[in-house]
Amino acid sequence: MKNLTNKTRGALIALCLMLAAGVSLATVDDSHAFAMEAADSYVKQGFIVREDYWHGEVKSGQQLMVQHQLFKGNEYAFWIGSANEEVKFELKVLDAAGKAIQIVDKTEENYMTIRVNPPKTGTYTLVFSVKSKTEKSVFWALAYGYR
């Protein structure tokens, strides 16, 4: 690097930083891809997948909560995915009284699915965690659809 100009060195450093950022974004993107893989069979059953979703990196096993408006008469499916290997998912949808309302759940290697039919329109709380056997932190993405 002795023969490189300051401008060239700066460009190389910027490139390295962009590549490093791309690696961390890819794991969240991969987590979302697993959630969408879980959604595939539901789309074939008539579910409409919403474009918005929640995602991030969190300490393994840390419990997270998201509040979301659900409407009586709609059936909802929630899909949580992780790019980390050997993870265990927990995902519940709770009503205002803290009672779980999901009717079906299914877990695969990199994702979990639950379905709910809310008994009334209101704000519900999704409580979830992703726990890794080998990693201190995990990437996750939580998506949903309805019909």
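Colleague: How many of the contacts between residues at least 6 apart in sequence join residues at least 24 apart?

Modeller: In this chain, 77% of them do; a contact here means heavy atoms within 4.5 Å. Please keep in mind that this is a predicted model, where local features need pLDDT of at least 70, side-chain atom pairs count only at pLDDT 80 or more, and totals for chains, interfaces and linings use all residues. Residues are numbered from 1 along each chain as its sequence is written, and side-chain values use heavy atoms, with hydrogens and water left out.

Colleague: Thanks! What makes up the chain, in helices and strands?

Modeller: There are 1 helix and 9 strands, in the pattern α-β-β-β-β-β-β-β-β-β along the sequence. Both are DSSP runs numbered from the N terminus: helices are H or I with at least four residues, strands are E with at least two.

Colleague: Why do β3 and β5 count as edges of their sheet?

Modeller: That open sheet has 3 strands in the order β3-β8-β5, with antiparallel pairing. β3 (64-70) and β5 (87-94) each have a single partner strand, so one side of each is left without a neighbour in the sheet.

Colleague: How do you know that β5 and β8 are paired?

Modeller: Pairing requires DSSP to find at least two bridges between two strands. β5 and β8 (residues 122-132) have 8 bridges, in the antiparallel sense, and K88 stands opposite K131 in β8.

Colleague: Why is F78 called buried?

Modeller: Buried means under 20% relative accessible area, exposed over 50%, and partly exposed in between (1.4 Å probe, protein chains only). F78 has 0% relative accessibility, so F78 counts as buried. Y76, at 3%, counts as buried too.

Colleague: And why is the pair of Y76 and F78 called stacked?

Modeller: Rings of Phe, Tyr and Trp (its six-membered ring) pair if their centres lie within 6.5 Å; planes under 30 degrees apart count as stacked, over 60 as edge-to-face and the rest as tilted. For Y76 and F78 the centres are 6.5 Å apart and the planes at 20 degrees, so the pair is stacked. Ring pairs also link W54, Y76, F78, Y144 and Y146 into a cluster.

Colleague: Which residues have the most contacts inside the largest nonpolar core?

Modeller: They are F78, I80, L91, V93, F128 and L142, in a core of 23 residues. Such a core is a set of buried Ala, Val, Leu, Ile, Met, Phe, Trp, Tyr and Cys residues joined through side-chain atoms within 4.5 Å. A second, separate core of 9 residues includes A39, A77, Y111 and A143.
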